[in-house]
Amino acid sequence: MTNIDKKAPVLVTGGSGYIASWIIKYLLEDGISVRTTVRNLRDLKKVEHLLELSKKFPGKLELFEADLIANGSFDQAVKGTELVIHTASPFFISGIKDAQKQLVEPALQGTRNVLESVNKADSVKRVVLTSSVASIYGDNIDAANVPGNKLTEEHWNTSSSLSHQPYPYSKTLAEKEAWEINKNQNRWDLLVINPSFVMGPSVSNRVDGTSVDFMLSMVNGKFKSGVPNTLIGFVDVRDVAKAHILAGFTPSAKGRHITSAQTLPMLGAAKILREKFGKKYPIPTGELPKFLVYLVGPFFGLSWANTSRNVGIPFDLDNSYSQKDLGLKYRPLSETFVEHIEQLEAAKLI
Ligand code: NDP
């Protein structure tokens, strides 16, 4: 049982991020004082929404500068907090030139850095880490020998590497490191949130990022001729944010938490959008046969290995523990997808 004093400030790392921004907003709305870290306080594009929040909640939001790869960077921000929510980590799956430098080093070194600062600060009682379902599996085929092809928190990604699925590899290494560091002390407990693919509107006006790219690709004609028959777990960004807060403040909560509303084929996601937007956008209406995915996949960043291990492979994620341990309730994906597109429309991106 860990009781966090709601009067103590909560640190959220990576405040410019898509998920972190919602966590910060909800904490402030709950009357909790928040500290957050960003890489560069002068980068207005990335911190604008935080400055707005600090105007709306005077004296309740403090911004610090910190970089995942700079030793001791988080010391000041951690000092005096009881709860640290560590979300900062590079998240991209395309355009990777040097996976070690761009993904693994910041994810792993960043986790070490933040947890070393936590070890130095006597005040910290609990750390909530944003991991991913990518630490549970790398490719859908990893669920092949699991009952009902449904993965649970007991599973770990053993198939990813620097050269195949480097982002899942970075998340797996970082989460394992966090558990290892946690095991070697007994002051703070570790809770992990493992979200599937996060969708839904952003707090900020930033429109870069992997989640936005996916949503755009469903309506901008990229998959006009069809989508691969691939199952993906999806979850709303606001539910992911709530999961972090529930994990922070539920005294009895423990362990890893798959945070995923539903597993859908890509065409299922397209169907939800078609029901709302009809023919307004070139939303995909069919699936590509697997041999065609092999042929055209590389043009969309899908390697042969990726196609063979994911397309047409049954797979599911068990979200029951997040509901039981945290009391988390999931909103329907129709709401998530539609509100995400509506925000992109308002931003004149489509
Ligand atoms: P974003 O890209 O919006 O956020 C990533 C955050 O990490 C940004 O604040 C970014 O800062 C920060 N960051 C990256 N590199 C560094 C660095 N070297 N030093 C300091 N900060 C750094 O993505 P999300 O909000 O989606 O991701 C947040 C977390 O959630 C990540 O750990 C990601 O792995 C995880 N996750 C995301 C999922 C999704 O579908 N979105 C699914 C599952 C897990 P900056 O703005 O300066 O780049």
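This tour goes from a nonpolar core to the ligand and its surroundings.

The model is predicted, so local features need pLDDT of at least 70 and side-chain atom pairs count only at pLDDT 80 or more, while totals for chains, interfaces and linings use all residues. Residues are numbered from 1 along each chain as its sequence is written, and side-chain values use heavy atoms, with hydrogens and water left out.

Begin by selecting Val 10, Val 12, Ile 23, Ile 24, Leu 27 and Phe 249, which touch the most other members of the largest nonpolar core, a set of 37 residues. Such a core joins buried Ala, Val, Leu, Ile, Met, Phe, Trp, Tyr and Cys residues through side-chain atoms within 4.5 Å, where buried means under 20% relative accessible area (1.4 Å probe, protein chains only). Next colour α1 (18-29), which gives eight residues, the largest share of this core; helices (H or I, at least four residues) are DSSP runs numbered from the N terminus.

Now centre the view on Val 10, which, leaving aside neighbours within four places in sequence, is in contact (heavy atoms within 4.5 Å) with residues including Leu 27, Ile 32, Leu 83 and Phe 249.

Then select the ligand, which 26 residues surround, the closest being Ser 16, Arg 39, Tyr 167, Lys 171 and Val 198; a residue counts here if one of its heavy atoms lies within 4 Å. At Ser 16, look for an N or O atom of the side chain 2.5 Å from an oxygen atom of the ligand, and at Thr 87 for a polar backbone atom 2.9 Å from an oxygen atom of the ligand.

Terms used:
Buried means under 20% relative accessible area, exposed over 50%, partly exposed in between (1.4 Å probe, protein chains only). Helices (H or I, at least four residues) and strands (E, at least two) are DSSP runs, numbered from the N terminus. A polar contact is a pair of N or O atoms within 3.5 Å; within protein, one must be able to donate a hydrogen and the other to accept it, and residues adjacent in sequence count only if both atoms are side-chain atoms.
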